[in-house]
Each structure stands twice: as C-alpha cells, then as structure tokens.
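Biologist: I am new to this chain. Please walk me through it.

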Amino acid sequence: AGNTKLATKVPTGSTIQIEDTTENILAAGDSISGLDITISNATVANATAALAGKAKSVTYELTDTAANLATAPVDVFSSATKVISTSVANSGQSVAIRNSINTSTKTASDNFLTLEVSDAATLLANAVSGIQFADKVTATGTATVAEAIALYAANDATTYEISDQGSAVNAVIGVAASLNALDSATKISLTGDVDIAQVTAINAA
C-alpha cells in the first residue's frame with residue numbers, strides 16, 4: 001500500500017520524486033527506497049535521519065538553531081538547498097557554519113545562507129569569514145579603527161561603534177575604504193590627546 005516498493009514499479013528511465021513533511025518521510029521506511037525525496041524543511045537531526053534512510057536522494061531547507069548548525073555533520077549541508085539559522089549566532093558559531101558549508105558540496109552565498117550574528121567587536125573582527133554572508137551583524141562593545149575597517153570590509157551592513165586614539169582615526173582619513181568604515185560607525189569616540197589639527201582633519205573627512 002502507499003509507496004511500498006513504488007520504486008520497483010516505475011518503468012525504466014522514469015523518475016519519481018516525493019515531496020512531503022519531515023515526519024511522513026522519516027516514517028516511510030523502506031517504502032521510499034530508491035526514490036528522490038524533497039522535504040520542505042528539516043532540522044539537523046531530521047536531515048541526519050533522512051540521509052541515513054534508503055532514499056536515492058534527499059533535499060531540504062536546513063533550518064535549525066545556530067548552535068545545532070555549528071556542530072552539524074558536513075553531509076547535511078551538502079543536501080541542503082538553503083541553510084536558515086533560527087537563532088542569533090556568535091562569532092565562533094558563524095565561522096563553524098561557514099566552514100561546514102564550504103567543506104560540503106555547496107558554497108556559501110547570500111541566497112544560500114540566512115544568518116544573524118552578534119558578538120564582541122574584537123571577536124568578530126578576528127573571524128570575519130563568519131559574517132561575510134550574514135543578513136545582520138551586530139558588534140557589541142566598541143571596535144578600534146582597524147577592527148572597524150575589517151568588519152566593514154567583510155560585511156558593510158555591520159553595526160558597530162568605534163573607540164580609538166585620535167591619531168589612529170587621523171591616520172586612515174586619506175584612504176577611501178577606511179573612510180567608509182568610519183562613516184558607517186554609529187558612534188566614534190576619540191581617546192588620548194587630540195590636537196586641533198587632528199580634529200580639523202577628522203571633521204573635514
């Protein structure tokens with residue numbers, strides 16, 4: 001009954017693809033042996049279970065928390081049509097997710113990955129690969145000028161504040177890319193001694 005031995009009844013050269021809920025697919029057992037299966041969305045646990053079955057192929061949108069995605073086996077990314085994090089990732093998790101995608105048969109991109117990242121500015125700046133394709137990035141605390149430049153270069157939608165020596169800000173004013181990073185900061189605080197010439201140059205930038 002149902003899909004039992006359905007693959008054995010298909011004429012040679014024909015293809016059958018089944019699309020159903022994760023629960024129904026996992027409960028189908030041997031009845032989906034040899035068939036191409038599409039699941040609307042699957043957690044890491046669901047995807048792992050589905051891939052361990054006897055289907056010819058399994059595809060799905062991989063949807064789970066950042067913590068689960070960060071520790072997921074690489075195989076679950078290879079069969080995903082999209083990866084969606086349902087929680088905000090920290091720096092380490094975002095890098096782990098990115099590395100797993102790139103180690104799989106897929107390639108990270110804006111369309112393939114849906115991800116929000118939030119962590120200390122220093123941690124994010126030292127692991128920029130994790131934020132490159134993030135939809136939203138929030139750097140907590142304050143970033144130095146160098147860190148802000150790194151964050152902006154990796155993802156120009158990153159939200160951050162800058163706190164650094166006036167001389168550090170003044171030193172990068174002549175570089176267009178650096179100016180963009182400064183302009184994108186929600187706030188810039190100058191520390192240490194700042195002379196009139198530096199203030200004038202910063203205000204004129």
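This is a predicted model: local features need pLDDT of at least 70, side-chain atom pairs count only at pLDDT 80 or more; totals for chains, interfaces and linings use all residues.

Modeller: Start with Ser 100. Residues are numbered from 1 along each chain as its sequence is written, and side-chain values use heavy atoms, with hydrogens and water left out.

Biologist: Which helix holds Ser 100?

Modeller: Helices (H or I, at least four residues) and strands (E, at least two) are DSSP runs, numbered from the N terminus. Leaving aside neighbours within four places in sequence, Ser 100 is in contact (heavy atoms within 4.5 Å) with Ala 72, Val 74 and Phe 77. The helix that holds Ser 100 covers residues 91–103 and is α5.

Biologist: What is the mean pLDDT of the chain?

Modeller: pLDDT is the predictor's confidence in each residue, from 0 to 100. In this chain, 78% of the residues reach 70 or more. Over residues 1–15 the pLDDT is below 50, and beyond near neighbours in sequence that stretch has 13 contacts in the model. The mean for the chain is 85.

Biologist: How many of the chain's residues, in percent, count as buried?

Modeller: The chain has 10 helices and 9 strands. Of its 205 residues, the buried share is 38%.

Biologist: In β3, what is the bridge partner of Ile 37?

Modeller: Strand β2 (residues 36–42) is mostly covered, with 5 of its 7 residues buried. Two strands pair if DSSP finds at least two bridges between them. Here 5 bridges join β2 to β3 (residues 57–64), and the two run parallel. In β3, the partner of Ile 37 is Val 58.

Biologist: Why do the buried residues of α2 lie on the same side?

Modeller: In α2 (residues 44–51), the buried residues are Val 44, Ala 47 and Ala 50. They lie on the same side of α2 because the arc they cover around the axis, taken from the directions from the helix axis to the C-beta atoms, is only 130°.

Biologist: Which exposed residues does α9 carry on the face turned away from its buried side?

Modeller: In α9 (residues 176–183), Ser 178, Leu 179, Ala 181 and Leu 182 are buried. They cover an arc of only 160° around the axis, so they sit on the same side of α9. These buried residues pack against α7, β8 (161–165), α8 (166–171) and β9 (187–191). The face turned away carries Ala 176 and Asp 183.

Biologist: What distance separates the C-alpha atoms of Gly 166 and Gly 192?

Modeller: Gly 166 has its place in helix α8. At 0% relative accessibility, Gly 166 counts as buried. Gly 166 and Gly 192 are 26 residues apart along the chain, and their C-alpha atoms are separated by 7.0 Å.

Key:
Buried means under 20% relative accessible area, exposed over 50%, partly exposed in between (1.4 Å probe, protein chains only).
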